[in-house]
Amino acid sequence: MWSRRELLRAAATSFGVLIVPPALLRARAARAAGTDPVLVTIFLRGAADFLNLIVPAGDPHYYALRPRIGVAPGAELSLDGFFGLNPNLSRLLPWYQSGQLAVIHACGSPSRTRSHFDEQDFMEFGAPGDKTIRTGWLNRYLVAAGIDDPTSAITLGHHAVSSLTGEAANLAIPSITSLALAGGYTTQRRATLDQIYRAAGGPLASTVENAFAVHETLQAVDPSTSVSYPSGSFSNALRDVAALIKADIGVRIAAADLGGWDHHYNELEALPGVAAALAGALDAFATDLGTDLGRTTVLVMTEFGRRAGENPNRGTDHGVAGAMIALGGGVGGGRVLLRNAVWPGLAPAQLYQGVDLEPTTDFRDVFSEVLARHLGLGNLSSIFPGFSPDASRYPGLYA
Amino acid sequence: MTSCLSDRAVDIHAATLGPRRPLIWGRSTLPMQHRARSLLLLLVGLLVLGASCDPRPQEEHVLNRIGYGPDAWSRARIRTLGVRGYIEEQLQPETLDDSALEERIATLFPLTTWALPYVRSIYNEYRTDVNVSQVRREMSWARMLRNVQSKRQLEQVLVDFWHNHFNVDARTDVGRWGVVTYEREAIRPFVLGRFRDMLGAVAAHPSMLDYLDNAQNFIAGYRRGTTTFGPNENYARELLELHTVGVDAGYTLQDIQEIARAFTGWTIDYYYPNGTYNYFQSKFVYEDAGHDKGAKTIMGSLHIPAGGGREEGEAVLDFLAQHPATARRVAFKLAQRFVTEEPPAALVDAAAAEFLATDGDLRAVTRTILLSVQFLTPQYVRSKVRRPQHFVAGLGRVLGVTDDRLFAESAARESAAMGEEIYAAAPPTGYPERSDAWTGEGPFLSRVNLAWRASYGQYGFGPRVSATGTTPSAIVSELGARLVHGGLGPISISRLSDFSAQTSAGSRAPETAALILVCPESLVH
């Protein structure tokens, strides 16, 4: 079986000009609805305050720790009687109720450095505490699965996210249309550059060849949708991810970021907006995917949780455990998942160093379950250096 | 001396094999047979073409490697002074007058001239007229304008090189306001000065103290405000691994911990001496009460007796700045930047020896590399991929700039879109020097599009490219000479002439220019 890249290369050679033969496009379009599993990772940069997003309303210490900025008793949207959604996440509630959204709470990294950059790296490189690892866990997945095609792994943004950094080909684009050539004479310009670089040889030759191939592929993607997305760059990114998945061009991994969660001051002024932006975009995205939601898992993560107690500035400082949200047709949702079904608790003696929610689920256990049970990776041994995935520790996302 | 002999060598190498036929990419080297053949052809060529001596390929190499490519001034200057004279002048940037440019930058981007406490006051939102993120934006715009318009091209390249060596991500808390003085006061004054001075200025700058956490490095149990601190090894680790001796220098975890102890108490003035919070925090302070007074031994040879203070950190910096492994690492990185990504051992040895002989005089070390025989070796010509910042600046230099502000803003944005956002490399390693890090598909198409817009005079470039010639081949030849100082290769000339013939007469010049500017001859240096 040829990879799509090889097909394109062969086509380019025989045509002399790098244009995807219409027959190939038709062949792809004629395929039945996609069956490849897709993982969409969303990184909430800045350390989202999950104690105020997925509220442990059943823990009385929550209200003692958050007298001014906590979600008021009864204001939360109840999930399971103990936890409740922040009202600004209301658009996620139907997905929870229909069993397609799960929360993994008290989840975090054993490194516990409370440093944004360290913990973002540790999570995205899948190697807590090890600064020598500079390739992403998702890129190592691509390598292990033998996937090496730029359109298989796409970051919606200017730079590939760190979790996709590495040997396997991947693509970073601000939007679907950003690879279009400006100006006219596009066919002639592509052909001219392709011929020049082919003759010159070297690594840029394959860059040029791939660039035009990717462009041709993305040109076949219809970015329009009947679903109404909220405004904003994050929402725009998810709209493009949905279009890429629906077009079935072979996307396996897509990544997007939503920043603005570092709320040291006046959290109540800032959190509602970003929370609503997150929930609104996810709701629209899941709706837009339609039947393709069945083969898709969205995993929402952040580098660490915030301090259990509010600070004097009506904000929260850097903490340890946060949570993750998983959304998708295959997700066994409607549940807040906890390691051994135990909430670590917010009583002073239960907090890590007396101040932070204890991370009882290692984020790598979540990633491992997604890799094994959603993406179908058989051998996980090369993905997390110094860590042995163990099904008995999986949070149970697909159970 | 870079005589006409070596000028000929480049030219004849080019003439016999086709100007850019032996593109040497990344790490690849010519096979031995090919090299022997090159040498033979070169010698034959010397005999045949003894009289002609086209200096342009060598000039192009120098202008591309120690600057951001040729512009009208530098072309004329290198022709007047010769290659060696031009290099020597660039090594003395204080002799080159940039005052008009600096005045323009101060007017266009005033935040870049502010002193630190005032910048810090923005961060605390005491000023509502500017946003804190504007600080880094104006800095990156000023960087782009200097890259294009400064006569001190080598200094600009070195500022980027050393900022990258001592990388601080200016999107972090302190980095956001510290970026202004980090470059101006800790990096730029020393890029052709003493390594030890730069090392010391960086170590005590709030940006670095925050970025690598030394501001939180205290003896265990030390209380500041309401927080209890302990030792933090982050700075000590990167000081060894990245700033000085390098990861293979044979140090241990204990050495890292000992160095971290020596730097305990090096912090930022978060609080006034009376204990109240300082909203204008902007400078290094040493807090003796947070310093670990115990004795320390570092790498088996630096012994620090008990009872010391701030001078212990200085002693560590002295020790590391004189270490042969530091000399070698600095020499290697500079050779990698200026000569080739796998620099020959003889060159690294010579530059490292110069470093040790001159007590880390970076002007002497840089001169050793730039005047070495290896620097002008034809094999290394056009062997590196231009990084985005370099590519964007190069366009500005050959096409010109008609609107300083629009150009600077566009250039910073486009460089970021290609993966090199100025002052925003997240890891302490900075951006990679290696060519293979800069060959992504998306960034390539961004280059194609930017070259097209720039050729039409958009984004502050310009004016729109025009030509006096009218036939396709005349236009390719004319624009090739104007836009690529060392000239286009025969394949590019042939294909571009075909392309040019397919365009309408009215848009022929800008369309052709847009492709010339993304041919291999323009994307490498």
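Two strands are taken to pair if DSSP finds at least two bridges between them. Helices (H or I, at least four residues) and strands (E, at least two) are themselves DSSP runs, numbered from the N terminus. With these terms, chain A holds an open sheet of 3 strands in the order S2-S4-S3, with antiparallel pairing. Strand S2 (54-55) and strand S3 (77-78) of chain A stand at the edges with a single partner strand each, so one side of each has no neighbour in the sheet. S3(A) is joined to strand S4 (residues 84-85) of chain A by 2 bridges, and the two run antiparallel. One residue pair to look for here is A:Leu77, whose bridge partner in S4(A) is A:Leu85.

The model is a predicted one, in which local features need pLDDT of at least 70 and side-chain atom pairs count only at pLDDT 80 or more, while totals for chains, interfaces and linings use all residues. Residues are numbered from 1 along each chain as its sequence is written, chains are lettered from A and ligands numbered from 1 in the order in which they are written, and side-chain values use heavy atoms, with hydrogens and water left out.

Strands of a sheet pair through backbone hydrogen bonds, either parallel or antiparallel.

A:Ala254 is buried, with a relative accessible area of 1%. Leaving aside neighbours within four places in sequence, A:Ala254 is in contact (heavy atoms within 4.5 Å) with A:Leu39, A:Val40, A:Thr41, A:Ile154 and A:Val241. A:Ala254 and A:Ile154 lie 100 residues apart in sequence, yet their C-alpha atoms are 4.9 Å apart in space.

Charged pairs come next. Over all chains, the structure holds 59 salt bridges (a side-chain nitrogen of Lys or Arg within 4 Å of a carboxyl oxygen of Asp or Glu). In one of them, the side chains of A:Arg45 and A:Glu124 meet at 2.9 Å, N to O. This pair links distant parts of the chain, 79 residues apart: A:Arg45 lies in the loop between S1 and helix H3 (50-53) of chain A, and A:Glu124 in helix H6 (residues 116-124) of chain A. Both A:Arg45 and A:Glu124 are buried. A salt bridge also forms between A:Asp121 and A:Arg134, whose closest N and O atoms are 3.7 Å apart. Here A:Asp121 sits in helix H6 of chain A and A:Arg134 in the loop between H6 and helix H7 (137-145) of chain A, 13 residues apart. A:Asp121 is buried, with a relative accessible area of 18%, whereas A:Arg134 is partly exposed at 35%. A:Asp292 and A:Arg295 form a salt bridge with closest N and O atoms 2.9 Å apart, and both residues are buried. In chain B, salt bridges that share partners join a set of residues into one network, among them B:Arg143, B:Glu155, B:Asp160 and B:Lys384.

Among the buried residues of H3(B) are B:Pro57, B:His61 and B:Arg65.

Finally, the two chains meet at an interface where 34 residues of chain A are in contact with 41 residues of chain B. Between them the chains bury about 3300 Å² (accessible area, 1.4 Å probe, lost on being put together and summed over both), 68% of it on carbon and sulfur atoms. The count of salt bridges between chain A and chain B is 0. Helix H8 (186-200) and helix H9 (203-219) of chain A each supply at least two residues of the side of chain A that touches chain B, and H8(A) gives the most, with 9 residues.

Key
Buried area = accessible area lost by both parts, 1.4 Å probe. Buried < 20%, exposed > 50% of the residue type's maximum accessible area, 1.4 Å probe, protein only.
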